[in-house]
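Here's a walk through this model, one region at a time. Keep the viewer open and follow along.

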Amino acid sequence: LGMWLRNWLRSTGYEVTLVRNITDVDDKVYVEAGKQGIPSRELSDRATAWFFEDTDALGLGRPDIEPRATETIPEIVAFIQALVDRDLAYAANGDVYFRVAGFPEYGRLSGAKLEEMIAQEESELKHDQRDFALWKSQKPHEDTAWDSPWGPGRPGWHIECSAMAEKFLGEEFEIHGGGNDLRFPHHENELAQSRSLGHGFARIWMHNGMLELDAAKMSKSLGNVVTLRNVLDVWGREALLVFHLSGFWSKPADFDDDVMAQAAARAEGFR
């Protein structure tokens with residue numbers, strides 16, 4: 001969606017810079033690397049290369065800037081320190097948490113309810129169970145860490161994206177995209193971190209609908225995942241692009257062989 005939108009905006013005369021973040025340090029990376037018995041950096045580099053290879057095959061071009069979280073650590077640490085200095089965040093046993101109570105608008109973007117906020121990630125270190133991690137102290141199974149004023153560790157997912165977005169697009173920019181599943185907590189947390197510092201952050205939020213198999217969102221936990229590489233091998237890029245063009249961008253899209261066969265026929269008609 002992002003590259004299509006970028007390309008269309010450019011074709012109508014706008015100057016556009018598209019930034020797509022690469023989250024190459026994360027809880028799931030450490031866990032999976034441990035299962036495979038390889039360094040976490042090796043796994044994240046491999047996965048990033050696979051992602052580039054598969055998305056390049058769509059033929060829509062690449063984003064203008066693709067920053068990696070591991071290359072943005074100084075900016076992330078400075079961002080967290082600014083929040084701590086304003087008492088919008090606090091350190092606890094090597095971790096740092098964002099103080100949700102300091103941002104009264106929290107929840108407005110997503111409409112999340114209190115019980116959803118509390119269920120994010122419970123911890124006895126939090127002053128308020130709605131609070132979320134900005135910095136996480138190094139755990140025994142984590143083979144990489146960075147120095148910080150709060151001890152060795154690594155950033156939380158949400159602060160990575162705020163810092164990378166603002167580094168390349170400034171404190172206020174036009175459009176923030178992502179799937180509907182990121183409204184809460186990810187985008188809600190990004191907005192809170194930046195707006196609490198007085199940054200405008202995104203003016204427009206574009207949340208695209210999710211692919212569904214048998215009326216259920218594709219997810220690894222459900223085991224109903226079809227990979228991009230598999231779809232390209234079976235149906236080709238043109239059929240897949242027509243499939244995506246055939247739906248409304250913010251609504252769920254049903255994915256099955258019948259729908260793809262229709263898309264393939266339509267693509268052939270266009271050709």
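Asn93 counts as exposed because its relative accessibility is 67%, where exposed means over 50% relative accessible area, buried under 20% and partly exposed in between (1.4 Å probe, protein chains only). Its phi is near 55°, a positive value in a residue other than glycine. You'll find Asn93 in the loop between strand 1 and strand 2 (95–98); strands here are DSSP runs of E with at least two residues, helices are runs of H or I with at least four, and both are numbered from the N terminus. Asp87 is another non-glycine residue with a positive phi, about 60°. Asp87 sits in the loop between helix 4 and strand 1 (89–92) and, with a relative accessible area of 47%, is partly exposed.

A word on ground rules: this is a predicted model, where local features need pLDDT of at least 70 and side-chain atom pairs count only at pLDDT 80 or more, while totals for chains, interfaces and linings use all residues. Residues are numbered from 1 along each chain as its sequence is written, and side-chain values use heavy atoms, with hydrogens and water left out.

Now zoom out. The chain has 10 helices and nine strands, and its C-alpha trace spans about 60 × 45 × 35 Å along the principal axes. How does the radius of gyration sit against that of a compact globule? For 271 residues such a globule would come out near 18 Å, and the chain's 20 Å agrees with that; the radius is taken over C-alpha atoms, and the rule is 2.2 Å times the number of residues to the power 0.38. Of the 271 residues, 43% count as buried. Take the contacts (heavy atoms within 4.5 Å) between residues at least 6 apart in sequence: 70% of them join residues at least 24 apart. The chain exposes about 14,500 Å², with carbon and sulfur atoms supplying 52% of it; these areas come from the Shrake-Rupley method with a 1.4 Å probe, and for residues only the protein chains shown count as cover.

On to charges. Side chains of opposite charge can pair when their charged atoms come close. The structure holds 18 salt bridges, each defined as a side-chain nitrogen of Lys or Arg within 4 Å of a carboxyl oxygen of Asp or Glu. One of them joins Glu66 and Arg20, whose closest N and O atoms are 2.7 Å apart. That pair ties together distant parts of the chain, 46 residues apart: Glu66 is in the loop between helix 3 (40–56) and helix 4, and Arg20 is in the loop between helix 1 (2–11) and helix 2 (27–36). Both Glu66 and Arg20 are buried. Glu66 also meets Arg62 in a salt bridge (2.7 Å, N to O), and Arg62 is partly exposed at 30% relative accessibility.

Asp233 is exposed, with a relative accessible area of 56%, whereas Arg229 is partly exposed at 28%.

Glu160, in helix 6 (residues 157–169), is buried yet has no salt bridge, and the nearest side chain of opposite charge, Arg154, is 6.0 Å away. Beyond its neighbours within four places in sequence, Glu160 is in contact with Thr23, Val25, Ala69, Ile76 and Pro155.

Finish at helix 7 (residues 183–195), which is mostly covered: 10 of its 13 residues are buried, among them Phe184, His186, His187 and Leu191. The peptide bond from Phe184 to Pro185 is cis, with omega near 5°, and Pro185 lies in helix 7. Phe201, in strand 6 (residues 201–208), counts as buried because its relative accessibility is 0%. Leaving aside neighbours within four places in sequence, its contacts include Glu190, Leu191, Ser194 and Arg195, along with Phe173 and His176. Phe201 and Leu169 are 32 residues apart in sequence, and their C-alpha atoms are 9.1 Å apart in space.

Technical notes. Lys, Arg positive; Asp, Glu negative; His and termini not counted.
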